[in-house]
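These are my notes on the two-chain model. Please read them beside the sequence and the coordinates.

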Amino acid sequence: MLERVRGDANSVQLRDHLAVEQLEAWYGDSHVLHGVQFKVRPGEVLTLLGRNGAGKTTILKSVMGIIGKRTGSIQFEGQDISRASSDRIARLGIAFCPEERGIFSSLDVRENLMLPPQVRDGGLSLDKIFDLFPNLKERLTSQGTKLSGGEQQMLAIARILRTGAKFLMLDEPTEGLAPVIILQIGELIKRLKLSGYTILLVEQNFRFASTLADRFCVVEHGRIIDQFEASELPANMEKLHQYLGV
Amino acid sequence: MQALYAQLLVGLINGSFYALLSLGLAIIFGMLNIINFAHGALYMMGAFCAYFLLSVGGLSYWWALVLAPIVVGLFGILLERTMLQRLAGLDHLYGLLLTFGIALILQGVFQNYFGSSGLPYAIPDLLTGGVNLGFMYLPIYRGWVVIFSLAVCVATWFVIERTKFGAYLRAATENPTLVRAFGINVPRMIALTYGLGVGLAALAGVLSAPINQVRPLMGADLIIVVFAVVVIGGMGSIMGSIITGFTLGVIEGLTKYLYPEASNTVVFVLMVLVLLVKPTGLTGRAA
């Protein structure tokens with residue numbers, strides 16, 4: 001019955017925020033995802049773990065619709081988006097922060113921040129964003145790529161928080177950053193979760209992910225080979241070491 | 001001295017056309033990654049559009065300034081939607097061949113119906129006559145072309161560098177995939193951008209009609225020089241195209257005064273020199 005009340009906030013609350021089934025994806029001729037299956041519940045932080053090249057980023061790109069070819073089912077808030085274009089997916093309320101951060105060098109910091117259009121009500125105001133990221137306020141007229149790596153990461157996250165999207169996909173937000181910045185990003189993600197955002201996180205830094213995630217999915221060779229709750233982490237540490245080779 | 005000023009004015013006028021055309025080429029190249037060889041033919045269509053608006057529709061020059069860029073711009077959007085968009089991601093050579101083919105077809109069709117000789121287009125009443133500036137006689141229409149072109153170039157620069165639409169355009173030039181993943185309809189923007197660049201060419205065509213007459217091959221002659229201008233200025237730089245366009249027009253004019261034999265080649269000599277010293281062009285960034 002819930003399927004029929006599309007758009008009703010309660011139905012969204014009860015369902016999975018995102019449900020991926022039998023997802024296959026290709027880069028050109030090479031078949032990289034082989035039947036990926038997982039669900040993200042509303043308001044949780046789900047972390048995809050796995051070695052380099054396991055297919056974690058490809059999963060995010062497939063959800064976002066920016067991969068050459070994909071098949072299978074991707075349900076977002078009950079709607080199938082597996083055939084939708086990426087601009088439409090973004091407008092439904094999924095925001096993506098890519099691994100390479102994607103700060104535009106021909107835009108200044110303010111333009112970078114204001115670039116993504118608002119897709120829903122309830123995005124953070126500029127004041128709120130400057131509270132969270134005071135550095136950005138001081139550098140509004142700088143060229144986007146003149147910021148430090150940490151500031152660029154902050155900018156990349158800040159600009160998607162403006163859009164009102166409540167489902168965030170963050171691809172390795174801590175990569176290449178100093179420990180003190182990593183701590184800040186960890187704090188930020190905790191605050192976002194408390195304010196009700198749903199977060200799908202890809203992370204190599206297991207120690208970082210383990211402090212944030214509610215659940216973990218392990219990706220290997222383009223499949224989800226294992227998943228468990230944060231509370232089951234201690235019991236699964238040995239298996240994890242094997243999966244990740246750490 | 002009179003002769004020098006006269007040649008400088010001719011140079012500025014040619015420079016206006018170079019600037020408007022190379023600006024459009026730069027915008028198109030930045031967004032579509034296509035070297036638009038059809039640009040000269042679309043410039044010609046702008047002039048013909050003005051001619052038809054007047055002879056068939058009875059609509060004046062001023063209407064043509066507004067309508068011709070829109071009509072030809074829409075034609076450009078049609079070309080982009082039906083053909084150019086299929087070349088996305090392919091080698092430059094394909095875009096070059098396709099747009100060159102389109103140029104040949106357009107020019108051939110117009111030549112078939114209108115021959116090679118020029119059709120007259122009168123200077124609008126408001127802009128006829130001239131003023132004596134003391135040191136030279138300035139035909140009002142020619143002064144208008146220079147000032148209006150400059151204003152259009154500055155306005156285009158402003159739109160691209162200082163507005164939200166321009167920010168989308170610059171961002172999509174850098175990383176179209178990500179811009180689209182933010183919810184912006186990039187394919188539609190690409191079509192609009194092509195329409196904008198083509199519209200600028202058509203506008204130049206309208207401006208040119210009273211000076212150079214309306215001829216099917218008017219663009220073919222001009223576009224070769226414009227490509228040299230673009231190479232000198234650096235593909236993809238907005239301000240670079242504008243400044244280089246006007247400057248080279250003036251240099252050409254100066255050469256006509258100082259050493260007329262070289263006036264047709266000076267731009268190409270400069271192109272060779274610039275390519276030897278700075279292969280990306282004066283204002284271009286390395287790819």
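The model is predicted, so local features are given only at pLDDT of at least 70 and side-chain atom pairs only at pLDDT 80 or more, while totals for chains, interfaces and linings use all residues. Residues are numbered from 1 along each chain as its sequence is written, chains are lettered from A and ligands numbered from 1 in the order in which they are written, and side-chain values use heavy atoms, with hydrogens and water left out.

1. Helix α8 of chain B. Helices (H or I, at least four residues) and strands (E, at least two) are DSSP runs, numbered from the N terminus. Helix α8 covers residues 186-212 of chain B, and its end C-alpha atoms are 38 Å apart. This agrees with the 39 Å that its 27 residues should span at 1.5 Å a residue, the expected span being 1.5 Å times one less than the number of residues. α8(B) has a kink of about 25° at Val206(B), shortly before Pro210(B); the bend at a residue is the angle between axes fitted to the seven residues ending there and the seven starting there.

2. Of the 27 residues in α8(B), 22 are buried, and the helix is mostly covered. Buried means under 20% relative accessible area, exposed over 50%, and partly exposed in between (1.4 Å probe, protein chains only).

3. Ser237(B). This residue is in the loop between α9 (218-233) and α10 (238-258) of chain B. Ser237(B) counts as buried because its relative accessibility is 11%. Its side chain reaches the backbone nitrogen of Gly240(B) at 3.0 Å. Beyond four places in sequence, Ser237(B) is in contact (heavy atoms within 4.5 Å) with Ala26(B) and Thr283(B).

4. Arg142(B). Helix α5 (residues 140-162) of chain B holds Arg142(B). With a relative accessible area of 29%, Arg142(B) is partly exposed. Neighbours within four places aside, Arg142(B) is in contact with Leu9(B), Ile13(B) and Ile211(B). From Arg142(B) to Val152(B), 10 residues apart in sequence, the C-alpha to C-alpha distance is 15 Å.

5. Val266(B). Helix α11 (residues 266-277) of chain B contains Val266(B), which is buried at 15% relative accessibility. Val266(B) touches Ile251(B), Glu252(B) and Thr255(B), leaving out residues up to four places away in sequence. Val266(B) and Lys256(B), 10 residues apart in sequence, are 9.6 Å apart, C-alpha to C-alpha.

6. Ala172(B). This alanine lies in helix α6 (residues 164-174) of chain B and is buried, with a relative accessible area of 3%. Apart from neighbours within four places in sequence, Ala172(B) is in contact with Met31(B), Val179(B) and Met189(B).

7. Nonpolar cores. A nonpolar core is a set of buried Ala, Val, Leu, Ile, Met, Phe, Trp, Tyr and Cys residues joined through side-chain atoms within 4.5 Å. The largest has 141 residues, and Leu115(A), Leu168(A), Ile189(A), Ile199(A) and Leu240(A) touch the most other members. Another core, of 34 residues, lies apart from it and includes Leu33(A), Ile74(A), Val202(A) and Cys217(A). Ile199(A) is in contact with residues including Glu44(A), Val45(A), Leu168(A) and Ile189(A), its neighbours within four places aside.

8. Interface. The contact takes 22 residues from chain A and 17 from chain B. About 1700 Å² is buried between the chains, with carbon and sulfur atoms giving 60%; buried area is the accessible area (1.4 Å probe) that two parts lose on being put together, summed over both. On the chain A side, Asp87(A), Phe104(A) and Leu115(A) lose the most area to chain B, together 33% of what that side buries.

9. Positive phi in chain A. Gln22(A) is partly exposed at 47% relative accessibility. His221(A), also not a glycine, has a positive phi of about 45°. His221(A) lies in the loop between β9 (215-220) and β10 (223-229) and is exposed at 60% relative accessibility.

Conventions:
A polar contact is a pair of N or O atoms within 3.5 Å; within protein, one must be able to donate a hydrogen and the other to accept it, and residues adjacent in sequence count only if both atoms are side-chain atoms.
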